[in-house]
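Dear colleague,

Please find the structure below, together with its sequence. My notes on it follow directly after.

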Amino acid sequence: MDGRYSYYDQVGVTPTDTGIRVLLVDDDVDLCSLLGERLSTEGFLLESVHDGIRGLQRARSREHAIVILDLMLPGMSGLDVLRRLRSSSRIPIIILTARGDEIDRVLGLEIGADDYLAKPFSPRELIARLRAVLRRSLAPGASADTIEVAGFSLNSAAREACLDGAKLELTGVEFSLLEVLLQNAGRVVSREQLTEAVLSRKLGPFDRVIDVHVSNLRKKLGVSKDGERIKAVRGSGYLLVVRPDPTNGLPRA
């Protein structure tokens, strides 16, 4: 079984041999038509719907591998669609925002979007973002080995993570972020390194996407009796905290 089918099994999506199914929820009919033609040349099967209510219904159908969601929609706002969808589904979601709408963009990421694009954008950039998000979600882990450190247990092949024995409900981005931090436990990982490893792109000058995902992950992890589990190091990046064991001077798992 290849990685694409294993992912479809995880989220209950019906697979297809003819292409990866993409749902676009946007009321710009011309844009949908343009992207449908462009994405088809790259092996994607695009379905377009033009209002929030119908978009939520189709996103819940489990027939797609990823959703592209405009935040400005008739019937139901994109943020409401995202919020309702994220309460019951792990499907990857890329949000589309008007350029300059930073508040909506950050809120969308906090609710659980995997990435965003600001309009206007080039089809080439959208395709790059689609591939990056799907690479994290559809590809199997490189190893079935489990990382165990600081109370965490993470299995890359199964895409499962636990903290103190309790399963963590993480988005694809959050899982990949936790994996990188665990692999570098006790060491600072720069924002540039995290962006490239987790989002598969270079860090832009005003790009705060990785910071929002770190914030979301921190909320889900909570704090230990020793304090925060992920520490921000000003001007450097983030590290997963490994406390020394006072009994022998060694880091404790």
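Thr97 belongs to strand 4, where helices (H or I, at least four residues) and strands (E, at least two) are DSSP runs, numbered from the N terminus. Because its relative accessibility is 2%, Thr97 counts as buried (buried means under 20% relative accessible area, exposed over 50%, partly exposed in between, with a 1.4 Å probe and protein chains only).

This is a predicted model, in which local features need pLDDT of at least 70 and side-chain atom pairs count only at pLDDT 80 or more, while totals for chains, interfaces and linings use all residues. Residues are numbered from 1 along each chain as its sequence is written, and side-chain values use heavy atoms, with hydrogens and water left out.

To return to Thr97: its bridge partner in strand 5 is Ala118. Neighbours within four places in sequence set aside, Thr97 is in contact (heavy atoms within 4.5 Å) with Leu71, Arg105, Tyr116, Leu117, Ala118 and Lys119. Asp70 is 27 residues from Thr97 along the chain, yet their C-alpha atoms are separated by 6.3 Å.

Strand 4 (residues 93-98) and strand 5 run parallel and are joined by five bridges; two strands pair if DSSP finds at least two bridges between them. Both strands belong to an open sheet of five strands in the order 2-1-3-4-5, with parallel pairing. Its edge strands, strand 2 (44-49) and strand 5 (115-119), each pair on one side only. From one strand to the next, the twist averages 20 degrees. Helix 5 (residues 102-111) lies across strand 4 and strand 5, and runs at about 165 degrees to strand 4. For such angles, axes are lines fitted to C-alpha atoms, for helices over the stretch in contact, and the values run from 0 to 180 degrees between N-to-C directions.

Two further elements may be of interest to you.

Helix 9 (residues 209-221) has 13 residues and reaches 19 Å from its first C-alpha to its last, close to the expected 18 Å (1.5 Å times one less than the number of residues). Its buried residues include Val209, Asp211, His213, Asn216 and Leu221. Just after helix 9, Gly222 has a positive phi of about 70 degrees.

Strand 13 (residues 230-233) and strand 14 (residues 237-240) pair in the antiparallel sense over four bridges. Ile230 has Leu240 in strand 14 as its bridge partner. The two strands form a hairpin with three residues between them, and Gly235 in the turn takes a positive phi of about 80 degrees.

With kind regards
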